Amino acid sequence: MDEESLRMTFELPAVRLPPFEELAAAARLCERLQAVRRLAEWTGERRVTKTGNLMLADARAAVQEFGLPDHPKARAAGGFPELQDLWALAVDLELLSVDGGRAEYVAEVDNDRDRDVVELWIDLLALTLQDTVELPGDEQRLMPLLMRLYVDVRGLTVEDLVTHVLSTSVEAAPDELGRVLASLGPAVRALLVQIIRRKLDALEAIDALVVDGDQVRLTHLGRFGLVHWFEMGGIGAPFVTDLADATVAEVLDLGLAQDSAFEEWLAAVGQDVAAERILEHARGGTPGHRVVAFGMLNQLGLVAEKGVRACLDDSDLRPHANAWLSARGLAVDESSLDDLHRVFIDMVAAELDGDPRSARESIRELAEDAEYDAAALLEDLWQCEHPAALSVMEALAQYYPDPAAAKAARKGVMRLRSETGAMRAAPDDSTYQLKVLLKHTKPPVWRRIQVPGSTTLAGLHAVIQVAMGWTNSHLHQFEINQRIYGEIDDDAPEDLLEAADFALQEVAQAGDRFDYLYDFGDGWSHVVTVEKVLPADSGPEVRCVAGKRNCPPEDVGGPWGFEEFLKAYSDPAHPDHAQYQQQLGDDYDAAAFDLDMVNAELAELLVD
């Protein structure tokens with residue numbers, strides 16, 4: 001495989017497969033492949049029709065020879081669909097050469113060579129996958145479906161796969177997807193189940209997967225075949241057949257770092273090699289790499305001492321090495337406060353994955369297990385020159401349940417920002433130029449606004465309301481870098497951040513895009529793009545500089561309801577026309593936009 005083929009755009013977790021000899025044995029046992037090969041061998045060299053099919057007499061003979069369903073009324077080979085399927089596969093797999101009115105068996109596959117047999121089966125898999133495409137978009141849906149089956153060794157239910165296909169087919173926000181799933185009728189869903197079952201049956205027929213009632217799982221052979229299919233699509237699919245060759249990353253993917261399975265890996269590679277690979281995994285890696293590596297070394301025990309001592313000269317690994325050695329009563333220099341801070345930051349950073357919900361739970365669990373004075377620890381944590389210090393301090397400030405510790409973290413965040421300039425904000429006198437686009441409206445409704453970078457997200461909400469033409473009659477939220485900001489009340493979810501506590505320049509910079517949702521019922525979703533960060537000028541601090549089309553009326557049912565509203569409002573014969581006329585009069589013009597009026601209203605707005 002060339003270098004370009006190896007440059008994957010995405011990589012799946014590693015899976016474990018049996019030795020190649022077992023995969024080859026499974027390929028030989030595939031009845032579908034056996035039938036195709038027998039037909040090709042039986043054909044030998046024969047005359048065929050102008051369309052490249054068997055003569056009728058030969059077709060009838062083949063049906064009897066291979067015990068295929070007979071079709072007495074057939075007038076050509078095409079009248080035997082089961083035979084025709086095998087014939088087409090034999091030709092496509094290049095077991096038969098059809099040319100000039102003759103078919104000839106091409107005996108290029110050596111049944112005694114494992115690689116030849118497996119490669120032939122992989123070609124059969126590729127042809128089967130091509131034949132499963134029935135509807136527009138099937139190819140795009142098939143890839144994530146097979147990826148899901150590939151990584152889930154235990155298997156999935158057909159219902160799981162139906163839901164997965166729907167989720168990858170609907171390009172909508174999660175709330176909109178929920179409405180689609182909820183409104184999907186039983187008959188339509190049942191039809192989708194039938195379509196997916198046909199695809200699964202085709203793959204089961206070549207031993208690529210097993211369907212046991214409602215449960216579906218890939219065979220080892222099917223998983224190995226998909227490795228090559230994924231690679232053609234730019235997706236890396238690593239696998240391990242011999243544990244002695246497994247990297248630590250692959251060991252973790254396989255779940256071998258837990259309990260007795262770890263012993264299996266140790267037995268395959270030996271303790272010394274295991275220690276070397278674990279420490280290599282830690283060197284130059286992320287906080288997660290370091291935490292996981294030393295956790296694995298805990299299972300390895302004293303045999304790792306020599307390797308761990310070699311880490312004492314590595315600034316990233318020294319704190320963990322000191323802690324590991326001292327925990328076993330081995331001679332080592334006393335850990336400094338900075339060492340303790342680095343280990344702590346690594347531990348917290350390893351748990352943070354960008355999702356506020358998991359961050360909250362991880363930090364609460366950390367607090368529950370704490371056997372130290374958290375407030376005292378966090379008071380000086382900001383002084384540690386660790387790349388993840390700011391993100392860890394921000395998470396602790398937001399989610400640590402002890403008020404004194406959370407307050408210490410907040411102070412540390414402010415000190416870090418002021419002393420290191422770690423805040424991604426532009427200068428305080430900067431002006432942010434934003435484009436606010438209302439999604440799912442055609443022609444699009446949009447505004448281009450300018451606000452100070454110091455404007456809070458609560459203030460930005462007020463500006464967007466006026467600029468777009470909304471009435472601020474419903475709830476709203478911003479979603480920026482997987483964090484949700486809004487107005488906190490007694491019913492607010494736990495992971496909601498107070499919009500009034502965050503300035504625009506703290507959470508976004510030039511080129512960023514984020515979502516603004518207004519009215520959770522109608523679901524008016526906007527995408528906000530930070531087009532530029534400009535130096536402040538002498539003009540108005542808040543202004544709208546451009547825009548197109550009128551904002552939809554409130555409470556018309558979201559983008560799809562707005563389409564129906566426009567039809568009803570403009571058509572006197574529509575049954576809802578009178579109702580909308582009574583609500584809005586004759587003044588609503590979907591194409592209208594008055595820039596001067598918007599700026600006049602913004603001039604009266606008090607923005608935080």
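The entries below take the pocket, then the cysteines, then the strands.

I note that this is a predicted model, in which local features need pLDDT of at least 70 and side-chain atom pairs count only at pLDDT 80 or more, while totals for chains, interfaces and linings use all residues. Residues are numbered from 1 along each chain as its sequence is written, and side-chain values use heavy atoms, with hydrogens and water left out.

Pocket. I took a pocket as an open set of points on a 1 Å grid over the protein atoms alone, with protein on both sides within 12 Å along at least five of seven lines, and lining residues as those with an atom within 4 Å of a point. The second largest pocket has a volume of about 450 Å³, the volume being the space filled by probe spheres set on the points. I found 18 residues in its lining, with Val343, Phe344, Met347, Leu366 and Tyr372 nearest the centre. The largest share of this lining, 7 residues, comes from α18, where a helix is a DSSP run (H or I, at least four residues) and a strand is a run of E of at least two.

Cysteines. I looked for disulfides, meaning pairs of cysteine sulfur atoms within 2.5 Å, and the count came to 0. Cys311 is buried at a relative accessible area of 1%, and Cys551 is buried at 4%, where buried means under 20% with a 1.4 Å probe and protein chains only.

Strands. I counted strands as paired if DSSP finds at least two bridges between them. β13 (residues 476-480) pairs antiparallel with β16 (residues 513-518) over 4 bridges, and Phe478 stands opposite Tyr516 in β16.

Note on methods:
1 Å grid on protein atoms, 1.4 Å probe; cavity = no way out; pocket = protein on both sides within 12 Å on 5 of 7 lines; lining within 4 Å. Buried < 20%, exposed > 50% of the residue type's maximum accessible area, 1.4 Å probe, protein only.
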